[in-house]
Amino acid sequence: VAPIVITLAITNTSKFDIVASVTSATATSPVAIESPTEDVKITQNSTESLTFTLTLTSTANGVTPSSDNVNISLHLEKYVSPFYVADNKLFVNMGTDPDTGNPIRWYAIAKDNAGTFETLKSTQVTSVEAGTYVFISEYILENSTGGDTIFFNSSRTAENNYGANYGGSTIQTYINGTGAGSMDARYNFSSSEIWGTIELKDCGSETVTDSDAGSDVTIPATNDQTLWLLSYSEYNSWFGNDDSCGIGYLLNNASSAAYWWLRSAGKIYSIDDDMSDVWCVDRGGRMECNHASVYEEYGVRPAFQITIN
């Protein structure tokens, strides 16, 4: 039997979005009705035509299902978007600081434009608009024990370019993991409304060439990342024209700037047992590689990608 389609027009004149859900749907015997279970969101100050597909079946021979005498009850409730605009930036809260109980704030730094992510200028952000965005943590987040810094990689073997590979590194495992000792375990990101809608990121391979002596290092791709660190090229594209925007302040001391890690390896040098450098961002918001070895402890500002419908 073909399903019966019922369309309801609802005008939302409130200052909030509204979520509509079917709480009950009944039909006069001998017709049975199966109602939809998905919610429908009605945006503020608009008229939405809500389409619910109901399946009617006959419980007696010779009876043709009809939409006559069908009763539908709806539940409407206010929906507050987790995304909001403040200080000309698009923000979302995800996670909680276990020391203060305050939410962890993230803001959009880039937006997809015809397949290419472009810098999201702060002066352009006046409202929440649909699109695919890259968000970054507003402050430098702490390690699993509450310290401000973390090793890029605590191990150092020839198999992982002397510790410079992002994939499988100490820092990548901490950021992208969800088990004990992970960043999620500390800040409880996965309890957030948006966590399940974050799009997995394929962090592509990258070779960065600079003017310093040494051999270039190519880091392999690291796929399926929920949270990730910016690469050299991503930082250069989204922050490079304004150093002040890239300054990282500590979560537990918002007036104090600190170094924070990128994921791109620098060069292998013949000194110091061929140790490889990794790119980072200094206290002035400038990218730096010299002396940023994997044995340094810097802060982290993870990023994630998400689409706002």
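Is aspartate 99 buried or exposed? With a relative accessibility of 57%, aspartate 99 counts as exposed, where exposed means over 50% relative accessible area, buried means under 20%, and partly exposed lies in between (1.4 Å probe, protein chains only). The model is predicted, and for that reason local features need pLDDT of at least 70 and side-chain atom pairs count only at pLDDT 80 or more, while totals for chains, interfaces and linings use all residues. Residues are numbered from 1 along each chain as its sequence is written, and side-chain values use heavy atoms, with hydrogens and water left out.

Helices (H or I, at least four residues) and strands (E, at least two) are DSSP runs, numbered from the N terminus. Arginine 186, with a relative accessible area of 15%, is buried, and a network of salt bridges links Asp99, Glu142 and Arg186.

A further salt bridge joins arginine 105 and glutamate 138, whose closest N and O atoms are 3.0 Å apart. Because arginine 105 lies in strand β9 and glutamate 138 in the loop between β11 (131-137) and β12 (150-151), the pair ties together parts that are 33 residues apart in sequence. Arginine 105 is partly exposed at 26% relative accessibility, whereas glutamate 138 is buried, with a relative accessible area of 17%.

In soluble globular proteins, nonpolar side chains tend to be buried together. A nonpolar core is a set of buried Ala, Val, Leu, Ile, Met, Phe, Trp, Tyr and Cys residues joined through side-chain atoms within 4.5 Å. The largest one here has 62 residues, and those with the most contacts inside it are Trp106, Phe135, Phe189, Leu230, Trp261 and Phe304. Strand β9 gives the largest share of this core, 6 residues. Apart from this core lies another, of 5 residues, including Val22 and Leu56.

Leaving aside residues up to four places away in sequence, leucine 227 touches several others, among them Trp106, Phe189 and Phe304, where contact means heavy atoms within 4.5 Å.

The largest pocket holds about 420 Å³ of space. On a 1 Å grid over the protein atoms alone, a pocket is an open set of points where a 1.4 Å probe fits, with protein on both sides within 12 Å along at least five of seven lines, and lining residues have an atom within 4 Å of a point. Of the 17 residues that line the largest pocket, Lys41, Tyr79, Pro82, Phe83 and Asn309 are the closest to its centre, and the largest share of the lining, 3 residues, comes from strand β25 (residues 303-308).

How values were computed. A salt bridge is a side-chain nitrogen of Lys or Arg within 4 Å of a carboxyl oxygen of Asp or Glu. Grid points are joined across faces, edges and corners, and a volume is the space filled by probe spheres set on the points.
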